[in-house]
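Here is a short briefing on one protein chain. Read it alongside the sequence and the 3D view.

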Amino acid sequence: MLNNQIEAGRQISKQLHPSEDAIDGSIIQNAKLIIAIVEGRKKMGVAAEVGHEAVLSATAGMASLTQARDHTIACHRQLASLRDNLGFSPQAMGCTTGLCTTGKSSDEPNGRLRVVPAEVA
(Lines give C-alpha, C1' and ligand atoms only; values in the text may rest on other atoms or scores of the structure.)
Protein backbone atom coordinates (compact mmCIF):
# COMPACT_ATOMS: atom_id res chain seq x y z
CA MET A 1 0.00 0.00 0.00
CA LEU A 2 2.79 2.45 0.91
CA ASN A 3 4.56 1.80 -2.41
CA ASN A 4 1.31 2.55 -4.27
CA GLN A 5 0.98 5.86 -2.43
CA ILE A 6 4.56 6.84 -3.18
CA GLU A 7 4.14 5.91 -6.85
CA ALA A 8 0.90 7.92 -7.06
CA GLY A 9 2.64 10.92 -5.52
CA ARG A 10 5.51 10.63 -7.99
CA GLN A 11 3.09 10.51 -10.93
CA ILE A 12 1.40 13.69 -9.69
CA SER A 13 4.78 15.37 -9.27
CA LYS A 14 5.79 14.33 -12.79
CA GLN A 15 2.75 16.14 -14.19
CA LEU A 16 2.88 19.21 -11.96
CA HIS A 17 6.22 20.63 -13.04
CA PRO A 18 5.60 20.35 -16.81
CA SER A 19 2.22 22.01 -16.27
CA GLU A 20 3.89 24.93 -14.46
CA ASP A 21 6.54 25.19 -17.16
CA ALA A 22 3.94 25.15 -19.95
CA ILE A 23 2.02 28.01 -18.40
CA ASP A 24 5.21 30.04 -17.96
CA GLY A 25 6.11 29.28 -21.60
CA SER A 26 2.69 30.49 -22.71
CA ILE A 27 3.11 33.70 -20.74
CA ILE A 28 6.49 34.29 -22.40
CA GLN A 29 5.08 33.66 -25.88
CA ASN A 30 2.09 35.91 -25.23
CA ALA A 31 4.39 38.69 -24.04
CA LYS A 32 6.41 38.33 -27.25
CA LEU A 33 3.19 38.56 -29.26
CA ILE A 34 2.18 41.79 -27.52
CA ILE A 35 5.64 43.24 -28.14
CA ALA A 36 5.50 42.22 -31.82
CA ILE A 37 2.09 43.83 -32.30
CA VAL A 38 3.17 47.13 -30.74
CA GLU A 39 6.58 47.20 -32.44
CA GLY A 40 4.97 46.22 -35.76
CA ARG A 41 2.55 49.11 -35.53
CA LYS A 42 5.37 51.53 -34.82
CA LYS A 43 7.48 50.12 -37.64
CA MET A 44 4.57 50.56 -40.06
CA GLY A 45 4.17 54.14 -38.92
CA VAL A 46 0.44 53.85 -38.42
CA ALA A 47 -1.76 55.35 -35.72
CA ALA A 48 -1.86 53.75 -32.26
CA GLU A 49 -5.48 52.78 -32.81
CA VAL A 50 -4.43 50.40 -35.59
CA GLY A 51 -4.30 46.94 -34.05
CA HIS A 52 -5.46 48.25 -30.68
CA GLU A 53 -8.22 45.65 -30.40
CA ALA A 54 -5.61 42.94 -30.98
CA VAL A 55 -3.49 44.40 -28.18
CA LEU A 56 -6.53 44.41 -25.90
CA SER A 57 -7.25 40.77 -26.73
CA ALA A 58 -3.62 39.73 -26.24
CA THR A 59 -3.40 41.52 -22.88
CA ALA A 60 -6.70 39.92 -21.79
CA GLY A 61 -5.13 36.60 -22.72
CA MET A 62 -2.12 37.51 -20.58
CA ALA A 63 -4.42 38.20 -17.64
CA SER A 64 -6.04 34.79 -18.11
CA LEU A 65 -2.65 33.07 -18.33
CA THR A 66 -1.54 34.85 -15.17
CA GLN A 67 -4.69 33.68 -13.41
CA ALA A 68 -4.04 30.12 -14.61
CA ARG A 69 -0.51 30.41 -13.23
CA ASP A 70 -1.90 31.58 -9.89
CA HIS A 71 -4.23 28.57 -9.75
CA THR A 72 -1.40 26.19 -10.62
CA ILE A 73 0.77 27.65 -7.88
CA ALA A 74 -2.11 27.22 -5.42
CA CYS A 75 -2.48 23.61 -6.58
CA HIS A 76 1.24 23.05 -5.99
CA ARG A 77 0.99 24.42 -2.47
CA GLN A 78 -2.10 22.31 -1.74
CA LEU A 79 -0.38 19.17 -2.99
CA ALA A 80 2.73 19.95 -0.91
CA SER A 81 0.55 20.43 2.15
CA LEU A 82 -1.26 17.16 1.47
CA ARG A 83 2.08 15.39 1.01
CA ASP A 84 3.33 16.80 4.31
CA ASN A 85 0.08 15.89 6.11
CA LEU A 86 0.42 12.32 4.85
CA GLY A 87 3.97 12.23 6.24
CA PHE A 88 5.88 11.84 2.97
CA SER A 89 9.17 13.60 2.34
CA PRO A 90 9.49 15.82 -0.73
CA GLN A 91 12.27 13.59 -2.05
CA ALA A 92 10.04 10.49 -1.83
CA MET A 93 7.56 12.23 -4.13
CA GLY A 94 10.19 13.40 -6.59
CA CYS A 95 10.13 17.04 -5.54
CA THR A 96 13.39 18.73 -6.45
CA THR A 97 12.48 22.38 -5.93
CA GLY A 98 11.40 24.09 -2.75
CA LEU A 99 8.33 26.22 -2.41
CA CYS A 100 8.53 29.92 -1.62
CA THR A 101 8.47 30.56 2.10
CA THR A 102 6.26 33.66 1.97
CA GLY A 103 3.56 33.66 4.56
CA LYS A 104 5.74 31.99 7.19
CA SER A 105 6.55 33.57 10.50
CA SER A 106 9.88 35.40 10.46
CA ASP A 107 10.95 33.24 13.42
CA GLU A 108 10.75 30.05 11.37
CA PRO A 109 13.92 28.91 9.60
CA ASN A 110 13.74 29.56 5.88
CA GLY A 111 17.30 28.96 4.69
CA ARG A 112 17.97 32.68 4.31
CA LEU A 113 20.32 34.86 6.29
CA ARG A 114 18.83 37.59 8.43
CA VAL A 115 20.09 40.35 10.68
CA VAL A 116 20.01 39.42 14.36
CA PRO A 117 19.92 42.29 16.87
CA ALA A 118 23.16 42.60 18.87
CA GLU A 119 21.37 42.00 22.21
CA VAL A 120 20.13 38.61 20.94
CA ALA A 121 23.47 37.51 19.52
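What covers the buried residues of α2 includes α1. Buried means under 20% relative accessible area, exposed over 50%, and partly exposed in between, with a 1.4 Å probe and protein chains only. This is a predicted model: local features need pLDDT of at least 70, side-chain atom pairs count only at pLDDT 80 or more, and totals for chains, interfaces and linings use all residues. Residues are numbered from 1 along each chain as its sequence is written, and side-chain values use heavy atoms, with hydrogens and water left out.

**Overall make-up**
- The protein chain holds two helices and zero strands. Helices (H or I, at least four residues) and strands (E, at least two) are DSSP runs, numbered from the N terminus.
- Of the 121 residues in the protein chain, 18% are buried.
- Among contacts in the protein chain with a separation of 6 or more, 68% come from residues 24 or more positions apart. Contact means heavy atoms within 4.5 Å.

**Helix α1**
- α1 spans residues 2-44, has 43 residues and reaches 63 Å from its first C-alpha to its last. That is close to the 63 Å expected at 1.5 Å a residue; the expected span is 1.5 Å times one less than the number of residues.
- Its buried residues are I6, G9, S13, L16, H17, E20, I23, I27, N30 and I34. They pack against α2 (52-85).
- Just after α1, G45 takes a positive phi of about 70°.

**Helix α2**
- α2 has 34 residues and reaches 49 Å from its first C-alpha to its last, close to the 50 Å expected at 1.5 Å a residue.
- V55, A58, M62, T72, H76, A80 and R83 are buried in α2.
- Just after α2, G87 takes a positive phi of about 85°.

**How the helices pack**
- α1 and α2 pack at an angle of about 160°, with their axes 10 Å apart. Axes are lines fitted to C-alpha atoms, for helices over the stretch in contact, and angles run from 0 to 180 degrees between N-to-C directions.
- α1 and α2 are therefore roughly antiparallel to each other; this label applies to angles over 145 degrees.

**One residue in context**
- I12 is found in helix α1. I12 is partly exposed, with a relative accessible area of 43%.
- I12 and L79 are 67 residues apart in sequence and 8.8 Å apart in space, C-alpha to C-alpha.

Terms used
Angles under 35 degrees count as roughly parallel, over 145 as roughly antiparallel, 65 to 115 as roughly perpendicular and the rest as oblique.
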